[in-house]
Amino acid sequence: MDHLHEAIEKLRGLPEKSYPEIFEATKAFKWIPSPGPQTEAYFCQADELLYGGSAGSGKSSLLLGLAFTAHRRSLIMRRQYTDMSALIDDAIDIQGSSDGLNRSSPPRMRTSDDRVIDFGAAAQLGDEAKFQGQQHSLLGFDEVVQFLEAQVRFLMGWVRSTDENERCRIIMASNPPVTAVGQWIIPMYAPWLDLTFPNPARGGDLRWVVTDPDGNDMWVEGADDIKEWNGKKYEPVSRTFIPGSLTDNPYLARTDYNRRLDSLPEPLRSAVRDGNFMAARKDAVNQVTPTAWVVEAQN
């Protein structure tokens, strides 16, 4: 892992014309992040990271890459097991073979350097309880907005490691929501996603949040801004959002995938192609200023 970090550090900031040389120089590694947002996400220090936005930005690849290079035990989730086959195929490509893969539900891969990657799903509310108490230092959600908020917050509670030198983190990789199921992501990452938020943040900025006893998020000043309710102290965790786009992915940027995205109907096109998290959002019934007005004013 140290050699991988050293190699990535040397490659950061190199111009796009250097990509062929980058690929040649990094063939010895199982996986290496693409220059740009994916590398920024790889090194991100946030406890909870939302990555992606636009389709084709390398979201799934980031989850697998971290599992193969930076964590000893990882859990990667999709809402349905039927959506897991592409992820497992990509894991086999990274591994170089299917050695160590057990496809029995839930699938698990033990890598050649003895890392464990569990693949899970939670199609119905309550399915997430099957993973209760299981230790993973990386929890990755592929298309997190397809999950219910209650499922996500439950699974977040079990991220831990007995190795004090191993960092723990949660990565939510996703396109914007196009149904009401995933609208919860906007208030969870309001400083970056909600155009009406009074104190907006830029991509990659760390913000700190405490979840109160009623389950409501409270944005606080920093890591030391500890809150107390009923004699119990609540320590903040850090969050951030790093946007990624198709043009950031050298494997897809030169294909005709963008033409496919251009042909999508609205608001799906604005959400998936442009990474607009507000495109398909419905205003609350008691919202005073329509979000569409805010967008027009900003334009």
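The dialogue below walks through how to read the features of this predicted model.

Reader: Before we start, what should I know about the numbering and the cut-offs for confidence?

Author: Residues are numbered from 1 along each chain as its sequence is written. This is a predicted model, so local features need pLDDT of at least 70 and side-chain atom pairs count only at pLDDT 80 or more, while totals for chains, interfaces and linings use all residues; side-chain values use heavy atoms, with hydrogens and water left out.

Reader: Thanks! How many helices and strands does the chain have?

Author: Helices (H or I, at least four residues) and strands (E, at least two) are DSSP runs, numbered from the N terminus. Here the chain has 11 helices and 12 strands.

Reader: And what share of the residues is buried?

Author: Buried means under 20% relative accessible area, exposed means over 50%, and partly exposed is in between (1.4 Å probe, protein chains only). Of the 299 residues in the chain, 46% are buried. The accessible surface (Shrake-Rupley method, 1.4 Å probe; for residues, only the protein chains shown count as cover) comes to about 15300 Å², and carbon and sulfur atoms hold 49% of that.

Reader: Which strands form the sheet, and in what order?

Author: The general idea first: strands of a sheet pair through backbone hydrogen bonds, either parallel or antiparallel. Two strands count as paired if DSSP finds at least two bridges between them. In this model 10 strands form an open sheet with mixed pairing, in the order E3-E4-E5-E2-E6-E7-E1-E12-E8-E9. Strand E3 (101-102) and strand E9 (217-220) are the edge strands, each pairing on one side only.

Reader: Which sense of pairing, parallel or antiparallel, joins E5 to E2, and which joins E5 to E4?

Author: E2 and E5 are parallel, with six bridges, and Ser 74 stands opposite Ile 117 in E5. Strand E4 (residues 108-110) runs antiparallel to E5 and is joined to it by three bridges; there, Arg 110 stands opposite Val 116. For another parallel pair, look at E6 and E7, with five bridges, where Gly 140 is opposite Ile 171 in E7.

Reader: Is E5 mostly covered or mostly exposed?

Author: Mostly covered: six of its six residues are buried. Val 116, Asp 118 and Gly 120 point one way from the strand, Ile 117, Phe 119 and Ala 121 point the other way, and all are buried.

Reader: Now helices. Which residues of H6 are buried?

Author: An α-helix has 3.6 residues a turn, so residues three or four places apart point the same way. In helix H6 (residues 149-156), the buried residues are Gln 151, Val 152, Leu 155 and Met 156. Because they cover an arc of only 130° around the axis (taken from the directions from the helix axis to the C-beta atoms), they lie on the same side of H6. Those residues pack against strand E1 (48-53), strand E2 (73-78), strand E6 (138-142) and strand E7 (169-174).

Reader: Which residues touch the most other members of the largest nonpolar core?

Author: In soluble globular proteins, nonpolar side chains tend to be buried together. A nonpolar core is a set of buried Ala, Val, Leu, Ile, Met, Phe, Trp, Tyr and Cys residues joined through side-chain atoms within 4.5 Å. The largest one here has 30 residues, and Leu 62, Ile 76 and Phe 119 touch the most other members. Helix H4 (59-69) is among the elements that give two or more residues to this core, and H4 gives the most, with six residues. Apart from this core lies another, of 27 residues, including Ala 122, Leu 155, Ile 186 and Leu 193.

Reader: What is Leu 62 in contact with?

Author: Contact means heavy atoms within 4.5 Å. Leaving aside neighbours within four places in sequence, Leu 62 is in contact with Trp 31, Gln 38, Ala 41, Tyr 42, Tyr 51 and Ile 171.
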